[in-house]
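Colleague: I would like to go through this model and ask what each description rests on. Please set the values against the criteria as we go.

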Amino acid sequence: MKAFLMYKNLDFDLQRQLPSNEQILTQDLELNTLFNAMALDNKFLFEVGKKAVLSGQSDVDTIIYRQNILKDCLKNPSIVREIYQIPIESSESKQRHWMGVFSYIASGVLSSSIEMLQMFVGLLRKLKNIADEHADKFESEGFTAFFAMIKKELDDEYFAIVENHLKQLKFRNGVLISAELGEGNEGTNYILRKPNAKNRNWVKQFFAQKSPVYTFYIHPRDDHGSRALSEIKDRGINLVANALAQSADHIDSFFKMLQIELAFYIGCLNLYEQLAQIGETVSFPLPVPANERSHSFHGLYDVCLALTKKQKTVGNDVNADNKDLVIITGANQGGKSTFLRSIGLAQLMMQCGMFVPAENFCANLCEGLFTHYRRKEDASMKSGKLDEELSRMSTIADNITSNSMALFNESFAATNEREGSEIARQITRALLEKRIKVFFVTHQYDFAHGFYDKRMENVFFLRAERKADGGRTYKVIEGEPLQTSYGEDVYHTVFGTDN
Amino acid sequence: MKGEIPMIFHSILFKDNKDRIKEEILEAPLFFVDLNLDQIVNTITVSKREYNLKPFFYSPLHDIDIIKYRQEIIQDLENGLLLGNIKSFAQKIIVMRRYLAMIEKLYYKNHKEGWFLEAVELYCDAVSCLAHDLSLADLKSPGLLAFRVFLTNYAESPQYTSLLMETKNLKADLATVKYCVIIKDSTVKVRKYELETDYTIEVEKTFEKFKQGAVKDHSVKLSVGSGMNHVEAQILDCVAKLFPDIFKTLDDYCARNKQFLDETISVFDREIQFYVAYLDYIAKIKWVGLKFCYPQISDENKEVYDYEGFDLALANKRVSENSAIVCNDFYLRDKERVIVVSGPNQGGKTTFARTFGQLHYLTSLGFPVPGREAQLFLFDRLFTHFEKEEDIKNLRGKLQDDLVRIFAILDQATPNSIIILNEIFTSTSLKDAVFLSKKIMERITQLDLLCVCVTFIDELASFSEKTISMVSTIVPENPAVRTYKIVRKPADGLAYAISIAEKYRLTYEYLKERVKS
């Protein structure tokens, strides 16, 4: 029995390794804001949300599979939240049941397994009832299969068989164990035996009586002896206890997986409700395979900015289909960083199967997402700033592969413009040739305009918009890189115009 | 030239009984730390503690014949099949010793006797297998040939063959014993097994439909050889009563065979590990393509060379980190005695000096050494002087301390000694350092001994006809890159600059190489 709500035929592995740059991504794209909105202070939801968002899928089918399940969830939020309560109840009462159990004694394993199984049976009945009542309200492939499985596996007959066995396994009439002599004449190969039936023919009875039986007793006050005796008994029931405990584990892991996989959708529900409250729209994106090049959208906004400001924010419209390199230049404080972040966020949200913060959005998937942002001066004084930037770039080079996406924010500017541009140019050229999609926010005219002069078909230029009076719209529009970034504007804002 | 087969086998480490180490050395020689030989020996012996091999590693040989005796044995052992045979022998003996030690701590007779039988069985298995394996092996070394003669005779002796037969019969008899224990409250009944069916299988079938993937194993782990409590002992006594003949035979057997272990085999088991341990250690280094060779040895000719040599301790580390190792060559001809190493820092100078010392020491133990081809000198003493932390306790300045140590070395050294000097006189002005170094170099060249001297003082490189200059190198186009190559050429005091993007391998060409498709 598998939930299969994240993949058609795979479990969602919560232990999976996140991309090695997860901390950098989290910092550069302000991901904790997103995770917090999904989690609403619940640690588990936070963890699952983080894992799901950061381990994006690069195949279209899985993304669509999740999108459809999420659509079902948006339609039936209260039923989904009710199902989510079942595994939570299971894990809570499991903690109570396992408390104080001696799992290193086979008889302890046996008795607590019986107890656990009884508890699970109750919860499975509950799940079965929800399936019976609501299954027809769900349309997605994922949920349809899930409910069908519940109905098939958990019929009444099955519940009866299980309960009967739980009763029998208490061994009220003593235990019969066979053994052989192992190394050092120590008893080995202890096997629990079913006593032979009594009414056998007299010839066998006769010979059976010939075989001597030696009996001894453990003195009631011989604690050590009775401990030793129950140890031997435990060896006999070890395998039965194990079989039963493993059955309990299987059911437990089914519930756990159900909890994990639903947690992602619960997180999405939470996020959806918050965005709806501040009046932001979301839509389900159209993913395109990773080897194609597509990026077009309307009203794409920075979801983290919206969540932080708790109000609607400026959205951008861009059509950058068939482009490998997007260079963003223009006015200081004109929304370049916000735009770059919205690109990264939308990509991660799309690739985990979520909706995206836009009116509509279509982009190719990528094999990996990498960010390279300018950082504060290294406080440890261990390396110069350019050194530090290049060392981070080197780490990216170690991990990036074709059909990945790299977002640069004012990188390699820690030296003079000619050298910085040269480094940026060489790096960008190499990445493009390796089929890596690059978004580059830069003030380096030499670098940006160098590409512009080449008139390459796969390069696209965006500029932060500045009104003639120096005012900012915080929108990016298509446009040639300019030699000034209007830093003067900012200067004037700070120092006043008459200076 | 092969030595003759010794008439009687004494030791796999020494040809003649008289050469055997009388008293085992327990302290590492002084230069071990400087040459990183301590690391090498620690790693080699770490998994072999029970053999106490270190004394063998602390005892360099001064006799070319014994070195050859060992070299030939190792050449035989480089046959992987033979080495595997020896290892499987050793493994059995290890377990046997463990059993014997354990028996001392056991209480119940039937239990002790059971383990004694296991121990003897393992011993017989070890001896018979090794005798068989050696009879098929293509041996060339006098040492192993002599051992084979000894072992064959032993394995065919009536005393051994009857031990083997008795052991096998007893094991077979005990394997037929099968019984049942019935436990109800505090009553225990023991009787013979009467073909009752397996209950667990029935239960497993019932719950089979639950099975999904792999889950935790809840079966309780039973400690092996943890002894026997009095209830188990009582059960075993009952079993002995159920099968009286078998247990009587076991009693007699144990009484008769107390001294079953042969002394020569026991010593061989320890000493052969000296070779096995070293071969194991160099195996993974060889595996990445680095070469080892059996050096030619002389105690007269001081023309030494080694091609494609490397620092063994470093190689071991680098191999486990999956990183590359740089090999270096050196040679000294005619009157040349002293290698002066200079050049950029972090360029592998110290490593080179260590390598020179390690090569000579490992040779003196009889081992194959790093390199494609080598001729090395059989030294009488080996001295090293590496920079030490300043020691507040000895109240001398660092410079004075350096001089005191070097004086002591020069006082003891003979023309047949080897001295390795690493960065001496760094704690004084350049002018002083030049003056002092030249004085020392005069003494060294007078002694006519072999020496490696790592220094920042270029002048030493061309000190006399006895000194040659070797320099650590850099890539001319990219001075930031170290090659770790030490080459024979005049010291040039070359400066180097750093090209930062190249350092991070982020130029267009580098990056295209690096990014995976």
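**Strand pairing and packing**

Modeller: L369(A) has M405(A), in strand 10 of chain A, as its bridge partner. The model is predicted.

Colleague: What makes strand 9 and strand 10 of chain A a pair?

Modeller: A pair needs at least two bridges. Strand 9 of chain A and strand 10 (residues 405-409) of chain A share five bridges, in the parallel sense, so they count as paired.

Colleague: Why is strand 9 of chain A called an edge strand?

Modeller: The sheet is open and has six strands, in the order 9-10-11-7-12-13 (chain A), with mixed pairing. Strand 9 (369-373) and strand 13 (472-478) of chain A each pair on one side only, and they are the edge strands. On average, neighbouring strands of this sheet are turned by 15° against each other, with direction ignored.

Colleague: Which helix packs on that sheet, and what does it touch?

Modeller: Helix 12 (residues 336-351) of chain A packs there, touching strand 7 (325-330), strand 9, strand 10, strand 11 (437-441), strand 12 (459-466) and strand 13 of chain A. The direction of helix 12 makes about 160° with that of strand 10 of chain A. Helix 15 (residues 445-454) of chain A lies across strand 7 and strand 12 of chain A, at about 125° to strand 7.

Colleague: How do you know that the length of helix 4 of chain A agrees with its number of residues?

Modeller: Helix 4 (residues 60-75) of chain A has 16 residues, which at 1.5 Å a residue should span 22 Å. Its end C-alpha atoms are 23 Å apart, so the two values agree.

Colleague: Which residues of helix 4 of chain A are called buried, and why?

Modeller: They are I63(A), Y65(A), R66(A), I69(A), L70(A), D72(A) and C73(A). Each is called buried because 20 or more other C-beta atoms lie within 10 Å of its own. Over chain A, 41% of the 499 residues count as buried; in chain B buried residues make up 37% of 517.

Colleague: How many helices and strands does each chain have?

Modeller: Chain A has 16 helices and 13 strands, and chain B has 17 helices and 15 strands.

Colleague: Why is helix 3 of chain B called roughly perpendicular to helix 6 of chain B?

Modeller: The axes of helix 3 (residues 64-77) and helix 6 (residues 142-156) of chain B cross at roughly 70° and come within 7 Å. Angles of 65 to 115 degrees count as roughly perpendicular, so that term applies to this pair. Y69(B), E72(B), I73(B) and D76(B) in helix 3 meet P142(B), G143(B) and L144(B) in helix 6. By class, this contact has four nonpolar, one polar and two charged residues.

Colleague: What makes up the side of chain A that touches chain B?

Modeller: In total, 75 residues of chain A are in contact with 68 residues of chain B. Helix 10 of chain A gives the largest share of the chain A side, 22 residues. The elements giving two or more residues include helix 6 (106-134), strand 3 (213-217) and helix 14 (417-433) of chain A. By class, that side has 40 nonpolar, 22 polar and 13 charged residues.

Colleague: What makes strand 3 of chain A and strand 2 of chain B a pair?

Modeller: The threshold is again at least two bridges. Strand 3 of chain A and strand 2 (residues 187-192) of chain B have five, in the antiparallel sense, so the pairing holds between chains. One of the partners of this strand pair is V188(B), bridged to F216(A).

How values were computed: Residues are numbered from 1 along each chain as its sequence is written. Chains are lettered from A and ligands numbered from 1 in the order in which they are written. This is a predicted model: local features need pLDDT of at least 70, side-chain atom pairs count only at pLDDT 80 or more; totals for chains, interfaces and linings use all residues. Helices (H or I, at least four residues) and strands (E, at least two) are DSSP runs, numbered from the N terminus. The expected span of a helix is 1.5 Å times one less than its number of residues. A residue is buried if 20 or more other C-beta atoms lie within 10 Å of its own, exposed if 12 or fewer, and partly exposed in between; C-beta atoms are placed from the backbone. Two residues are in contact if their C-beta atoms, placed from the backbone, lie within 7 Å. Ala, Val, Leu, Ile, Met, Phe, Trp, Tyr, Cys and Pro count as nonpolar, Asp, Glu, Lys and Arg as charged, and the others, Gly among them, as polar. Axes are lines fitted to C-alpha atoms, for helices over the stretch in contact, and angles run from 0 to 180 degrees between N-to-C directions. Angles under 35 degrees count as roughly parallel, over 145 as roughly antiparallel, 65 to 115 as roughly perpendicular and the rest as oblique.
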